[in-house]
Amino acid sequence: MAALEIGVRRDLIARYVDSAKINWAHVALAQLIEAGFVDRVLTTNFDPLVSRACALINRFPAVYDLAASRIFKPDQVSEQAIFHLHGQRDGFNLLNTKDEVQRQKRRLGPVFDEVKRGRIWIVVGYSGENDPVFELLARVRHFEFGLYWIGYESAPSPHVEREIIAPAKGAHFLGGVDADDFFVSLAQKLECFPPNYVAQPFSHLHRTISMLAPYGAPHPEDSEHPVFRKRRFDICQVIRSELDELISSRERGVSAGYYFLAGNYDRVVELLGQQKLTGMSQSDKDALGWSLAEQGNRLHVEARESGSEGRFREAMQKFRQAAKILSTRADALYNWGNTLFDFSIMKRYGAPEVMTRAGERLLRQAIKKYQKVIAIEPNYADAHNNMANALTDIGRSVSQEEGIPLFNEARRHYEIALKYTESPDVVHNNFAKALHELARITNDQQAFDDCLVHFSIAADFNPKYYSVFLSWGNALADVARRSGDRDTLRKACAMYRRASEIRRSDSASCWNLIGELTRLAEMESGMEKTAVLEEVASLRRKMARLRRARARVRTHNQ
């Protein structure tokens with residue numbers, strides 16, 4: 001941008017800003033401002049979309065353009081305020097070069113000092129890359145009421161993790177969430193969503209019209225005589241009368257759609273659950289179907305956390321009902337399958353590698369649900385992935401003759417999932433683990449080689465995926481045991497080290513590393529052997545510290 005003249009830069013920015021639309025993150029943020037949960041918004045964007053979203057609900061927080069003003073008086077900041085840190089589309093200064101924003105950083109210090117007092121910080125839609133504003137956040141030693149960095153990716157970028165995210169600073173990362181979903185969910189939880197212009201549009205317009213002063217519209221034949229002026233029609237009164245009629249006829253009862261948007265799924269089911277589907281509008285069917293699915297998801301989470309068979313069965317009943325509605329059938333069947341899968345794991349004592357008769361029966365039921373999903377939506381990647389996982393679990397527990405066809409079918413579903421998935425790291429990891437199982441059972445070297453390739457690809461997609469490095473280490477250790485190759489064993493140890501770095505408090509990777517290093521020490525000699533044994537001793541001390549720490553926590557909880 002620095003290579004462009006100021007006027008060219010301004011025109012380029014204007015084209016992007018003018019074509020931008022208010023999104024649902026802005027709408028929900030405006031609701032949070034209206035409800036009093038948010039009183040400061042700091043943005044490096046030039047667009048006025050937050051202000052526009054607030055204007056839709058007749059809320060007008062003060063707007064401060066800090067690129068145009070060198071004066072900042074904390075005691076005179078309005079109760080609710082939006083700060084444009086680098087300027088705004090129609091402002092006198094739009095700061096977008098490295099030198100410009102670096103100079104601006106010095107002026108923004110007092111703003112951050114004022115904002116951080118007594119407030120929770122939420123950072124959304126901000127990368128922090130190549131922006132000195134990030135340095136102002138990084139230099140905060142402790143966020144008194146916490147900072148929550150919301151990211152679309154599953155893990156923070158390295159500079160955010162290094163400079164910001166640390167429990168000691170009160171800074172936390174929430175990944176895998178986009179801005180729209182985060183703010184809408186937050187506003188739902190705080191009971192200030194949806195906005196009135198969605199839930200009660202005529203009442204909202206009525207309140208907006210009420211803000212106008214009374215005025216009688218002139219007629220062409222009017223004279224200025226006071227008698228004639230008194231006979232004029234009040235424009236607002238005419239509109240209000242029509243809106244009163246619409247409110248009475250169209251907003252008499254609160255719709256199920258309103259409760260659905262508010263996240264009150266129980267109320268939606270209460271309103272619509274006893275009605276016949278044949279007499280419902282499509283919008284009511286959609287609201288009921290998705291509300292039943294949300295109830296099922298909630299019960300599924302409770303069942304998984306509590307191990308309650310009753311909760312598992314209640315969740316499946318909700319998905320059974322949701323599957324009767326065409327618009328939610330595929331997703332309901334998919335989640336029904338997932339519930340059966342997790343129910344199966346519970347029946348296998350929480351260990352996927354273990355199989356019981358009850359666990360296998362539930363897995364086969366899950367497979368049937370995934371098959372129905374795929375019949376409806378052939379490109380449903382998650383259904384293919386989870387079906388392949390279920391086939392793999394059964395394949396490892398039956399005879400080789402029965403298992404190989406199941407592994408081959410699982411392979412086909414993983415390959416389809418990889419074509420359409422939005423989570424390639426997860427699918428590659430699952431595929432690799434399935435190939436490792438197949439290789440272990442058949443002693444097929446090609447399957448071993450293929451599984452290592454898929455682990456490598458998964459790690460490329462997500463370098464902080466603990467399960468990838470733990471399972472990759474297991475596969476390499478298995479190859480090393482079969483071949484006796486020392487270099488392969490060293491690679492296995494490297495994978496376990498990486499896993500233990502990602503999840504420092506987890507014991508599985510450490511114990512596996514201790515075991516394989518002990519084997520490696522038997523192959524080494526001299527200084528190399530001494531170094532390996534020292535690492536084993538260090539890891540054993542670490543595990544002893546972890547055991548003592550966990551014992552203290554258990555004692556405290558008791």
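Close-up 1. The model is a predicted one, in which local features need pLDDT of at least 70 and side-chain atom pairs count only at pLDDT 80 or more, whereas totals for chains, interfaces and linings use all residues. Residues are numbered from 1 along each chain as its sequence is written, and side-chain values use heavy atoms, with hydrogens and water left out. The side chain of Arg490 forms a salt bridge with that of Glu524, at 2.7 Å from N to O, the term denoting a side-chain nitrogen of Lys or Arg within 4 Å of a carboxyl oxygen of Asp or Glu. Because Glu524 lies in the loop between H24 and H25 while Arg490 lies in helix H23, this pair ties together parts that are 34 residues apart in sequence; helices (H or I, at least four residues) and strands (E, at least two) are DSSP runs, numbered from the N terminus.

**Close-up 2. Glu524 with Arg486.** Glu524 also meets Arg486 in a salt bridge, with an N to O distance of 3.4 Å. Arg486 belongs to helix H23 (residues 486-502) and Glu524 to the loop between helix H24 (508-523) and helix H25 (526-557), so parts that are 38 residues apart in sequence are tied together by the pair. Arg486 is partly exposed, its relative accessible area being 34%, whereas Glu524, at 9% relative accessibility, counts as buried.

**Close-up 3. The salt bridge of Lys464 and Glu161.** The side chains of Lys464 and Glu161 are joined by a salt bridge at 1.8 Å, N to O. Distant parts of the chain are linked here, 303 residues apart, with Lys464 in the loop between helix H21 (445-461) and helix H22 (466-483) and Glu161 in helix H6 (residues 158-163). Lys464 counts as partly exposed at 29% relative accessibility, and Glu161 is partly exposed with a relative accessible area of 36%.

**Close-up 4. A network of salt bridges.** Arg348, Asp393, Arg396, Glu437 and Arg440 are linked in a network of salt bridges. The count of salt bridges in the model comes to 30.

**Close-up 5. The surroundings of Arg139.** Arg139 is placed in the loop between helix H5 (133-138) and strand S5 (147-150), and at 52% relative accessibility it counts as exposed. Leaving aside neighbours within four places in sequence, Arg139 is in contact with Gly109 and Asp113, contact meaning heavy atoms within 4.5 Å.

How values were computed: Buried means under 20% relative accessible area, exposed over 50%, partly exposed in between (1.4 Å probe, protein chains only).
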